[in-house]
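Please examine the sequence and structure shown here alongside the briefing below.

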Amino acid sequence: MGRVWSFRDLSERLAADQRIETLSTTDALTGVPNRRQLAERLSSAIADAQRRRGRLAVLLLDVDAFKQINDSLGQGIGDRVLVEVCQRIRRALRAGDVVGRVGGDQFAVLLHHAGTEAAEHAARRVLRATEAPYEIEGSQFTLTCSIGVALFPDAADTAHDLLRHAETAMQAAKAGGRAGFRFHRSGSHDDEVRKRVRLDHAMRQALVQNRFRLHYQPQIDLATGVVIGCEALIRWKDAHYGDISPGDFIPVAEASGFIVQIGDWVLSQAVAQAARWLAAGTRVPVSINVSALQFQQSGFVARVAQALADAQLPPALLELELTESILVRDAAEALERLQALAALGVRLAIDDFGTGYSSLAYLKRFPLDALKIDRRFVRGLPADESDVAIVRAIVQMAHALGLSVVAEGVELPAQRDFLAQIGCNTYQGFLYAPALEPEALLHRLTAA
Ligand SMILES: Nc1nc2c(ncn2[C@@H]2O[C@@H]3COP(=O)(O)O[C@H]4[C@@H](O)[C@H](n5cnc6c(=O)[nH]c(N)nc65)O[C@@H]4COP(=O)(O)O[C@H]3[C@H]2O)c(=O)[nH]1
């Protein structure tokens with residue numbers, strides 16, 4: 001049966017809704033916003049400050065040793081203490097500032113338009129106000145509070161993070177002897193810098209102490225299944241840090257410039273290894289990764305020539321993998337350098353193709369031999385339509401330009417089979433083998 005709503009029903013309903021809304025956003029004991037409402041008000045204040053390029057501060061206050069008050073004077077008095085603390089905080093602040101109860105004995109304060117100085121004044125006022133003697137139901141006592149302060153935009157730019165940082169600062173105030181306040185110190189950036197500096201230092205030690213190794217990942221001809229080359233990948237086992245991935249330390253070396261020395265070491269090690277394999281009767285071309293900074297060194301071409309001469313390696317057994325960014329950055333100079341390298345007789349490949357900006361037509365200007373398709377495009381093969389379209393297009397156009405194509409990161413037979421079917425030339429990936437120690441690679445080659 002249908003329900004007929006009267007005005008009375010409606011107004012009761014609205015009142016009930018209002019009550020529910022109030023209960024879910026207000027702290028029942030003190031009547032101030034609860035954590036949820038405070039976080040909402042903080043979020044909108046942040047959005048507003050962002051628009052105005054303004055500032056704000058969050059204070060997180062915790063009553064010191066509140067449990068003792070509860071235990072010795074009883075929970076009833078404990079509750080009244082919290083109500084009084086809350087009133088004192090409100091009176092110590094400006095009209096527009098917001099106080100909320102965010103935990104048992106924790107209050108948070110949102111100070112609009114406040115920077116360091118204003119936040120410090122407010123924290124001092126709140127501490128003074130809450131430290132004045134209390135008299136509740138005949139009991140007289142004093143208490144202290146600890147406050148943590150976090151500023152927007154200095155410490156964080158979300159309500160959640162500001163509250164979190166204010167809490168950490170409050171805990172620091174407690175650890176520092178209570179009854180005081182602390183600002184959040186944004187250590188994360190400094191920590192990051194320190195970490196990078198330590199890693200850079202450790203890398204320099206590692207090179208001197210000969211802790212780097214090269215492993216070699218086989219590259220397989222898709223038409224014949226024969227290993228026709230390998231990619232040298234650097235490995236670092238540090239005495240203190242353990243195994244460190246090149247994905248972690250190469251970017252640090254690139255940022256500090258140390259990549260030039262590492263790259264030089266890789267070059268001489270890789271050509272020496274290929275020369276040893278050749279001397280042992282196995283002809284395996286080696287590819288090495290060349291960073292942009294290394295490539296841009298004025299002596300780079302001469303260095304490559306020297307390394308080949310030192311190892312007496314035929315240049316055709318060395319391939320340099322360059323990133324697309326090398327071609328895009330200073331095209332005229334890059335072209336000259338690539339021509340000099342091609343004249344030496346080394347092979348040139350573009351690594352991680354598809355992730356940069358160069359178009360295939362643009363590649364025509366450079367004396368390249370191969371393109372390596374980034375493993376991100378290989379991952380979705382053969383099911384992902386867009387990966388299929390991209391890989392197909394790269395293979396077709398590369399072939400039109402006379403370049404051979406190497407697919408990276410092949411992990412599944414279905415990926416390999418699809419690549420073979422569309423005429424891709426070579427693949428590498430865990431499906432055949434990860435990067436192997438030189439002896440293990442030779443073993444795979446001779447056992448095959
Ligand atoms: N998921 C998956 N990954 C596969 C598969 N097959 C190979 N890989 C990994 O893919 C990376 C391929 O090297 P990259 O794209 O040149 O990416 C390299 C390269 O940019 C850089 N790097 C490594 N060695 C050197 C080096 O000697 N010199 C320079 N400049 N960079 C290097 O570090 C990056 C990471 O190297 P690694 O950690 O050795 O990671 C290697 C390799 O171990 C596979 O089937 N699936």
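Residues are numbered from 1 along each chain as its sequence is written. The chain has 18 helices and 16 strands; these are DSSP runs (helices H or I, at least four residues; strands E, at least two), numbered from the N terminus.

**Confidence and overall organisation**

- The mean pLDDT of the chain is 90, and 91% of its residues reach 70 or more; pLDDT is the predictor's confidence in each residue, from 0 to 100.
- Where pLDDT is low, the predicted coordinates should not be read in detail.
- For the complex, the predictor gives an ipTM of 0.96 and a pTM of 0.64.
- Of the 448 residues in the chain, 36% are buried; a residue is buried if 20 or more other C-beta atoms lie within 10 Å of its own, exposed if 12 or fewer, and partly exposed in between, with C-beta atoms placed from the backbone.
- Among contacts between residues at least 6 apart in sequence, 64% join residues at least 24 apart; two residues are in contact if their C-beta atoms, placed from the backbone, lie within 7 Å.

**Ligand shell**

- The ligand is surrounded by 22 residues, of which I234, P246, N289, G429 and F430 are the closest; a residue is near a molecule if its C-beta atom, placed from the backbone, lies within 6 Å of it.
- Two or more residues each are given to this shell by β9 (227–238), α8 (246–256), α9 (259–279) and β13 (347–353).
- Helix α8 provides the largest share, 3 residues.
- The shell divides into 9 nonpolar, 8 polar and 5 charged residues; Ala, Val, Leu, Ile, Met, Phe, Trp, Tyr, Cys and Pro count as nonpolar, Asp, Glu, Lys and Arg as charged, and the others, Gly among them, as polar.

**Helix packing**

- Helix α3 (residues 66–73) packs on helix α4 (residues 75–92) at about 140°, with the axes 6 Å apart; axes are lines fitted to C-alpha atoms, for helices over the stretch in contact, and angles run from 0 to 180 degrees between N-to-C directions.
- The two helices α3 and α4 are therefore oblique to each other; angles under 35 degrees count as roughly parallel, over 145 as roughly antiparallel, 65 to 115 as roughly perpendicular and the rest as oblique.
- In this pair, I69, N70 and L73 of α3 meet Q75, I77, G78 and V81 of α4, a contact with 4 nonpolar, 3 polar and no charged residues.
- The axes of α2 (residues 35–52) and α6 (residues 159–175) come within 9 Å and cross at roughly 110°, so α2 and α6 are roughly perpendicular.
- Helix α2 contributes A39, L42, S43 and I46 to the contact, and α6 contributes A159, L162 and L163; by class, 6 are nonpolar, 1 is polar and none is charged.

**Individual residues**

- R90 lies in α4 and counts as partly exposed because 18 C-beta neighbours are inside 10 Å.
- R90 and V109 are 19 residues apart along the chain, with 9.0 Å between their C-alpha atoms.
- A274, in α9, counts as buried because 27 C-beta neighbours are inside 10 Å.
- Not counting residues up to four places away in sequence, A274 touches V284, V286, L313, L317 and L318.

Terms used: This is a predicted model: local features need pLDDT of at least 70, side-chain atom pairs count only at pLDDT 80 or more; totals for chains, interfaces and linings use all residues.
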